[in-house]
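Reader: Before we discuss the two chains, could you please show me the sequence and the structure side by side?

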Amino acid sequence: MTEITETFTEPRKKKDAVSRFNALALIGIPLAAILFQVYVPQFVKYLSYLELPLLVTVYFALMRRSPVAGVLIGAGIGLAQDSLSSHPLGMFGIVKTLVGYFAATVSQRFDVENPVVRLVLAFFFFFFHQFFYWVLSRALLGQALLFDPQQTLVMALLNAAVAVPLFHILDKLKITGG
Amino acid sequence: MELLLNRYRNLTVLLLAILAQLVLLAYQVKSNGEVRLIRVWAVTAVTPLARALETGRSSFSHFLNDYFVLLDVREENKRMKRELDRVHMENQYLRTELDTADRAKSLAIFQAHSPSKTVAAHIIGNTTGSGAKTVIVDRGSTSGIEKEMAVITPDGIVGKVVDVYPTASFVLLATDPTFAAGVISQKNRVHGTLKGQGGNKVIVDYVQNEENVEQGEWFYTSGDDGIFPKGLPAGEVTSVHPGRAKKEIILDPSGFQDGLEEVLIIVEGVHAPIPDTAPSNQQVHFQAPPPPDPGSIPAANPTEAGPMSDADRIIDRYRQIGEQEKHVWGERGRGAPDFNISLEPKPADAAKPVPPKPGDAPAAAAPKPTPHP
């Protein structure tokens, strides 16, 4: 194992540490993220590129380090997001369920408190989220949505850039772990 | 089976979650139905928060807007107040200037039409004498001012020069207790002596009780004192009472009516008749246009010719002289016409006399002033 690999795959003790959150934070933060997405772009258009519910899903899944928890968190946030959208319920739910699952799975192997890891994971999961949503829309709903990989990569980068400080702020709300 | 589920618990949960959502999706797509309940819950849960957010945002936004607007309003208000103050000051200044211009114009017109030769002077200060009603004017011996000269305004007498210096003179006002001037009443020609009292009023002394003087009657200078020429307004009788031996007549001196700023000093007085009517309060007397030069030929149709100035008349006269002498204007070697010849009036004009204008009548009827002794 190289040094770089060791940096991202930390000692066993820290890696297994499960972060716990206040129930209020667990409900309030996703709700705030959804509200942000619903409300803020009305006034600040360029903030619509921010996929805060996704970032929150990734964060909680990473911190809980449990795929089941990741699935539940992803499904819950996704369905809540669906319920405030105009498309059928389950689209965001399925995508975010997958994101939650994979994020939780990844968290068992990497030091998810490392900013670089967080940046990369946020970048990857954003791209995955957008791509999978596009696939689902085409496959399940028959919608011919546009998918611009270049634009999606840029947006993924921007979301990843936002994710690092956001995750750092959310770390302050942890009760235990880390 | 239990072992299998435990081993693939995570995957199982994932598959179940995805399957459930796929079924939900399939139901919605297949039946074109709406899972209204979930949406109602979601919207119900989110709406109060969104409303609270919107209320907070709008309140904050309004607060900020109002704050900045109020800041602007406050600044605007300050600016407007400053502007208003400036305009008030300017207005006051212009009013003063207008008053001054009116007075000056009135004075100039009066001076131009007064038979007496006068010098205009500005009052530049008061003397320091206790109780003395004396002012300083900006004309002195260098302007031809001498002691005992009369000082007047278009409204009436003001006082007399008591001290003369090269560039200034002291004028004893008619309200001073030591002032005296001979006056005569307008209606019954009652002679008396106007004296100051130290206040705003003056009296007419030495009028016997038997004499008839009425309230509201005007007194004019009589010319007896050798200072004031005859016919200048002195004041209006405000009260008249019989005294022990003489009448007690109080006058409102007319020369002080509009305050004293500019006065006229009579350097060469000419007596004028006592008018039959009281002087009017008109400040600026607009005279009728001057009569045409007797030597010039009036325009055939004044309405067509329009208002003519003296320069126009001269040009017209020269043009007519040129026509009479058959002079070609601008031709070299011809010299200039003789401008001293008298023009022969055209037959049509000669037969049609110019009717006198209404404004000319008083001037023509005005008595010739007699030189002041």
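Reader: Which elements of chain A do the buried residues of α2(B) pack against?

Author: This is a predicted model, in which local features need pLDDT of at least 70, side-chain atom pairs count only at pLDDT 80 or more, and totals for chains, interfaces and linings use all residues. Residues are numbered from 1 along each chain as its sequence is written, while chains are lettered from A and ligands numbered from 1 in the order in which they are written. In α2(B), the residues B:V13, B:L14, B:A17, B:Q21 and B:L25 are buried, where buried stands for 20 or more other C-beta atoms, placed from the backbone, within 10 Å of the residue's own. Those buried residues pack against α5, α6 and α7 of chain A.

Reader: Which element gives the most to the side of chain A that touches chain B?

Author: In total, 19 residues of chain A are in contact with 21 residues of chain B, contact being C-beta atoms, placed from the backbone, that lie within 7 Å. Two or more residues on the side of chain A that touches chain B come from each of α3 (23-39), α5 (67-83), α6 (91-107) and α7 (115-141) of chain A. That side divides into 15 nonpolar, four polar and no charged residues, with Ala, Val, Leu, Ile, Met, Phe, Trp, Tyr, Cys and Pro counted as nonpolar, Asp, Glu, Lys and Arg as charged, and the others, Gly among them, as polar. The element that gives the most, with six residues, is α5(A).

Reader: At roughly what angle do the axes of α4(A) and α6(A) cross?

Author: Two packed helices are described by the angle between their axes and the distance between the axes. Axes are lines fitted to C-alpha atoms, for helices over the stretch in contact, and angles run from 0 to 180 degrees between N-to-C directions. The axes of α4(A) (residues 52-64) and α6(A) come within 7 Å and cross at roughly 35°.

Reader: In what order do the six strands of chain B close into a barrel?

Author: Strands pair if DSSP finds at least two bridges between them. β6(B) (residues 180-185) and β7(B) (residues 191-196) pair in the antiparallel sense over five bridges, and seven bridges join β10(B) to β11(B) (residues 247-253), also antiparallel. Between β9(B) (residues 218-221) and β10(B) (residues 233-242), which run antiparallel, there are three bridges. With antiparallel pairing, the barrel of chain B closes in the order β6-β7-β8-β11-β10-β9.

Reader: What is the bridge partner of B:H241 in β11(B)?

Author: A hairpin joins β10(B) to β11(B) through four residues. On the other pairing of β10(B), that with β9(B), B:W218 has B:E236 as its bridge partner. For B:H241, the bridge partner in β11(B) is B:E248.

Notes
Contact = placed C-beta atoms within 7 Å. Buried ≥ 20, exposed ≤ 12 C-beta atoms within 10 Å, placed from the backbone.
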